[in-house]
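Subject: Structure handover

Hello,

Here is the structure we talked about handing over. Please open it alongside this note.

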Amino acid sequence: MAVEHPVAATPGDQTRIHNIGYRAYDGPRLGRSYATRSLYSQSLRGSYGLGRSVKSKVLPMLLFVVMCVPAAIMVAVAVATKAKDLPLDYTRYAIVLQAVISLYVASQAPQSVSRDLRFKTVPLYFSRPIETADYVRAKFAALASALFILTAAPLVVLYVGALLAKLDFADQTKGFGQGLVSVALLSLLFAGLGLVIASVTPRRGFGIAAVIAVLTISYGAVSTLQAIAEAQDAAGSIAWMGLFSPITLIDGLQSAFLGATSASPGGVGPTNGEGVVYLLVTLGLIAACYGLLMRRYRKVGL
């Protein structure tokens, strides 16, 4: 508390002495784990613009609605027509709407890390009990959680609608579970790639462009090569080409282990043996993204 001690002043003398003191904090020290949880919570809220300006909420909320509206329409059609199955499998939903997911990652990954780099606030985080690993884990987990919410919410709409339409409970529950596994892997992979790319530059605009380029160009290039391979009767190489794009990686894992129909040209998905390679590559990419983020922020925090 600031205490002011005026002193006697001679006529015309305006000199004053201020004793500026601060009361010592004597409350509980919540420590490193609390700081990490707080950073995770704030980053997750920020991924949907919560606690920020109205303008910051528009794009993430709009993309969330865009992800859920097709699911609601499919449910309405299934109920109205008394269909025996949903128009789209749970595991196929995220693949079909991968452009929306890519746009969300491109908009929110730079928002999560680029501002800290631009305004040089990262060293301030590390001046407190929080450490580099805590910062990276909190940011990674927050974006992965935000992506899981984005991709799992429409699956919940499909599942609830399927039950309301009185479709087979066992089949729908199995498909719903497979869909959740698929989007969980997708969320981890896309969050890692998005954060690694965004952490390279403090400029948010550059980060957005770079994330979009990596996710969309890789998918377009792989899809084109797969179509050419199918036209040339080289179906054996189609599955291996899928290793070079995040979307085709997830699609291959689904078709190999979750019984999903592959979105690749001709519907040619990897075998179980090839699926093991897909799984190892996916987990390796997630681990590599985490390692690259750790290296990046150890340098930034110095």
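Below is what turned up, grouped by topic.

One caution before the details: this is a predicted model.

**Salt bridges**

The count is four salt bridges. Start with Arg32 and Asp134. Their side chains meet at 2.5 Å, N to O. The pair links distant parts of the chain. Arg32 sits in helix α1 (residues 31-46), Asp134 in helix α6 (residues 132-164), and 102 residues separate them. Asp134 is buried, at 4% relative accessibility. Arg32 is partly exposed, at 35%.

Asp134 has another partner, Arg137. That salt bridge comes out at 3.0 Å, N to O. Here the pair stays inside helix α6: the residues are three apart, so about one helical turn separates them. Arg137 is partly exposed, with 40% relative accessibility. Salt bridges with shared partners join Arg32, Glu131, Asp134 and Arg137 into one network.

Asp116 and Lys139 form a salt bridge too. Their closest N and O atoms are 3.7 Å apart. Asp116 belongs to helix α4 (residues 98-118) and Lys139 to helix α6, so this pair ties together parts 23 residues apart in sequence. Are these residues buried or exposed? Asp116 is buried, at 10% relative accessible area. Lys139 is buried as well, at 7%. The cut-off for buried is under 20%, so both values qualify.

**Ser43, beside Lys139**

Lys139 also shows up in the surroundings of Ser43. Ser43 is in helix α1. Setting aside neighbours within four places in sequence, Ser43 is in contact with Lys139 and Ala142. Ser43 is buried, with a relative accessible area of 9%. A polar atom of the Ser43 side chain lies 2.8 Å from the backbone oxygen of Leu39.

**Aromatic pairs**

There are five aromatic pairs. One of them is Tyr48 with Phe64, and the geometry is edge-to-face. Tyr48 lies in the loop between α1 and α2 (54-81), while Phe64 lies in helix α2. The pair therefore ties together parts that are 16 residues apart in sequence. Tyr48 is buried, at 8% relative accessible area. Phe64 is partly exposed, at 25%.

Next, Tyr135 and Tyr297. Their ring centres are 4.9 Å apart and their planes are at 50°, so this pair is tilted. Tyr135 is in helix α6 and Tyr297 in helix α11 (residues 272-300), so the pair ties together parts 162 residues apart in sequence. Tyr135 is buried, with 1% relative accessible area. Tyr297 is buried too, at 2%.

There is also a cluster. Tyr48, Phe64 and Tyr104 form one aromatic cluster.

**The nonpolar core**

Tyr297 comes up again here. The largest nonpolar core has 69 residues. Which of them touch the most other members? Tyr93, Leu147, Leu158, Phe190 and Tyr297 do. Helix α6 gives the largest share of this core, 15 residues.

Take Phe190 for a closer look. Leaving out neighbours within four places in sequence, Phe190 is in contact with Ile101, Ser102, Val105, Leu147, Leu215, Pro246 and Ile247. Leu147 is on that contact list and is also among the core members with the most contacts to other members.

**Helix α2**

Helix α2 has 28 residues. From first C-alpha to last it reaches 40 Å, close to the 40 Å expected at 1.5 Å a residue. Which residues of α2 are buried? Ser56, Pro60, Leu63, Met67, Cys68, Ala71, Met74, Val75 and Ala78. What covers them includes α3 (90-96), α4 and α6. Just after α2, Lys82 takes a positive phi of about 55°.

**Where to look**

The network of Arg32, Glu131, Asp134 and Arg137. The tilted pair of Tyr135 and Tyr297. The surroundings of Phe190, including Leu147 and Leu215.

Best wishes

Terms used:
Residues numbered from 1 in each chain as written. Predicted model: local features only at pLDDT ≥ 70, side-chain atom pairs only at ≥ 80, totals over all residues. Heavy atoms only, no water. Helix = DSSP H or I, 4+ residues; strand = E, 2+ residues; numbered from the N terminus. Buried < 20%, exposed > 50% of the residue type's maximum accessible area, 1.4 Å probe, protein only. Phe/Tyr/Trp six-rings, centres within 6.5 Å; stacked < 30°, edge-to-face > 60°. Core = buried A, V, L, I, M, F, W, Y, C linked by side-chain atoms within 4.5 Å. Contact = heavy atoms within 4.5 Å. Polar contact = N/O pair within 3.5 Å; in protein donor to acceptor, adjacent residues only side chain to side chain. Expected span 1.5 Å × (residues − 1).
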